Amino acid sequence: MSGDKLDVIVVGAGVAGCTAALLLARQGLEVALIERGPFPGSKNLSGGILYGQVLHQIIPDFWDQAPIERWINNHIVTFLTDTDSISLDYKTPSFSQPPYNAVSVLRSRFDRWLAEQAETAGAILIPGIKVDRLLRKENRIIGIAAGQEEMFADVIIAADGANSFLAQEAGLRQRIPEEHVAIGIKEVIALPREVIESRFRLEGNEGSAYSIVGSATQGIAGGGFLYTNRESISIGLVIQLADLIEHRIKINDIFDQFLSHPWIASLIKGGKVVEYGAHLVPEAGLRMMPRLWMDGMLVIGDAAGLTINNGFWVRGMDLAIGSAIAASEAVIRSYQNKDFSAESLAFYGQKLEKSFVMADLRTFSRAPHFMQNERLYTVYPQMLSEILHQIYQQDAHPHPPLSRIALEAVRHNPLSLWDVLKDLWNGGRAL
Amino acid sequence: MNRLSVNERLALNKYELDDGHPHIVVNNEVCEAECKIRACLFVCPANVYSEQDGKIVADWAGCLECGTCTVACPPQALHWEYPRGGFGILYRHG
């Protein structure tokens, strides 16, 4: 730091911002971590499953000290019709061994802890301050302004979330089109620990993660989720905004109907709602990615549009961490070279390009479009339900073989075999 | 299990209310000129928006700060910013 100037200002103490601040502080840089909430985590919301291997690289065995909820060794995909449910339930002991593949977290606690790790490493946490605007000198970003206060740094890292007003102000990103985002809404429902463990057949800190497709969203592109925490359940929907606008259904009515589905109702029975929240999910991936660097500034995490939803899982926190790692490597290199120009910070793009973040964004770039297929929400769950109904029903009449049941089910529904093959092929490529 | 109304849900949340400093201001001239679908009335998870005497009104105190309306509404229809530092929704779980 020279004079009043810091090395780095990170805006936003979410998973991305805290990780970047932690890594930069560890390298001895003078870092301020600014958060608009009164404490880190107070504005943050996820489903939230953290695929934590990437955090384990930075904070080995983080699950021993972090306030995680449960390690997820049970993944379930469920199709819902209006009345029925069909589930594929995968459980493996290998996911209950460290390093855990995935853990459930509640962000208000988890992010607070992660910010503490950054502080311990030497970052200066400044909570309760909203950054109003960027400070520029010619085309270079040189600092931030909050009310009457101004702060200067060699680099500003915008980790200010899905809405990223900073990326928009900097001109790195345009106004977000409705086709590029989904709305996540969620209730946290408290239940006694022993009820959760018996209801979901969990031992100790094992946990379950459900992805729910079908009538859950009433034909609108999206899906539901249910994650077990220690003493609560996180349950919600992620719904594509453009499709919601087209259908003109009140999002709360969809959520109410979802929660009233008999299968869902049985899983949350007796619980007490303790919190209700919502968050934008930047789902369009590569199509919505802003330019991620300019003279004196980088964009990471949700602000950079880094989430993936493929129906089986929704990921954002691990991508946020991946982008924070790439960004901090670029900043450290720029710091050593005393060059914070766009050309120098472009190293962030190169590191990101070589990481799992961009690889996965590419692999799953077709997922949002595939998820717009209405058959996923109506015809397929109905057809599967009819097939299973026929398989199990015995009514003192001759029982047809599976091949005939399946063909009948395809014939009953507005569906051609060609549709099925096409969807299988596209699904196999997109997901 | 009885479902809660949106207001009952919001009442479970913790907010630090910034009295007298609305962070959402609706420009009804833009709404009238450019918006036919009134998406704000059905996309907002917190039911912040309602129509009163033909005008859109924002009951901003219950806002969850997700930003969905800023994407769904026409440009300039809303002056929407995050609440001042320390105010607004405070997630205890998140």
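In this predicted model, A:E206 is in contact with A:R70, A:W71, A:N73, A:K91, A:S96 and A:R201, when its neighbours within four places in sequence are left aside. Chain A also meets chain B, with 52 residues of chain A in contact with 42 residues of chain B.

- A:E206 belongs to strand β12 of chain A, which covers residues 206–214.
- Because its relative accessibility is 14%, and buried means under 20%, A:E206 counts as buried.
- One of the residues in contact with A:E206 is A:N73, and the side chains of A:E206 and A:N73 make a polar contact at 3.3 Å.

**The area between chain A and chain B**

- About 4000 Å² is buried between chain A and chain B, and carbon and sulfur atoms give 55% of this area.
- Of the area that chain A buries against chain B, 17% is supplied by A:R175, A:E275 and A:Y276, which is more than any other three residues supply.

**Polar contacts and salt bridges across the interface**

- Between chain A and chain B there are 30 residue pairs in polar contact, counting pairs with both residues at pLDDT 80 or more.
- The interface of chain A and chain B has 6 salt bridges, and A:E187 forms a salt bridge with B:R9 in which the closest N and O atoms are 2.5 Å apart.

**The side of chain A that touches chain B**

- At least two residues of this side come from each of α3 (107–120), β11 (181–190), α6 (241–247), α7 (251–260) and β15 (272–282) of chain A, and β15(A) gives the most, with 8 residues.
- Sorted by class, the side of chain A that touches chain B has 26 nonpolar, 12 polar and 14 charged residues.

Technical notes:
Residues are numbered from 1 along each chain as its sequence is written. Chains are lettered from A and ligands numbered from 1 in the order in which they are written. This is a predicted model: local features need pLDDT of at least 70, side-chain atom pairs count only at pLDDT 80 or more; totals for chains, interfaces and linings use all residues. Side-chain values use heavy atoms; hydrogens and water are left out. Helices (H or I, at least four residues) and strands (E, at least two) are DSSP runs, numbered from the N terminus. Buried means under 20% relative accessible area, exposed over 50%, partly exposed in between (1.4 Å probe, protein chains only). A polar contact is a pair of N or O atoms within 3.5 Å; within protein, one must be able to donate a hydrogen and the other to accept it, and residues adjacent in sequence count only if both atoms are side-chain atoms. Contact means heavy atoms within 4.5 Å. Buried area is the accessible area (1.4 Å probe) that two parts lose on being put together, summed over both. A salt bridge is a side-chain nitrogen of Lys or Arg within 4 Å of a carboxyl oxygen of Asp or Glu. Ala, Val, Leu, Ile, Met, Phe, Trp, Tyr, Cys and Pro count as nonpolar, Asp, Glu, Lys and Arg as charged, and the others, Gly among them, as polar.
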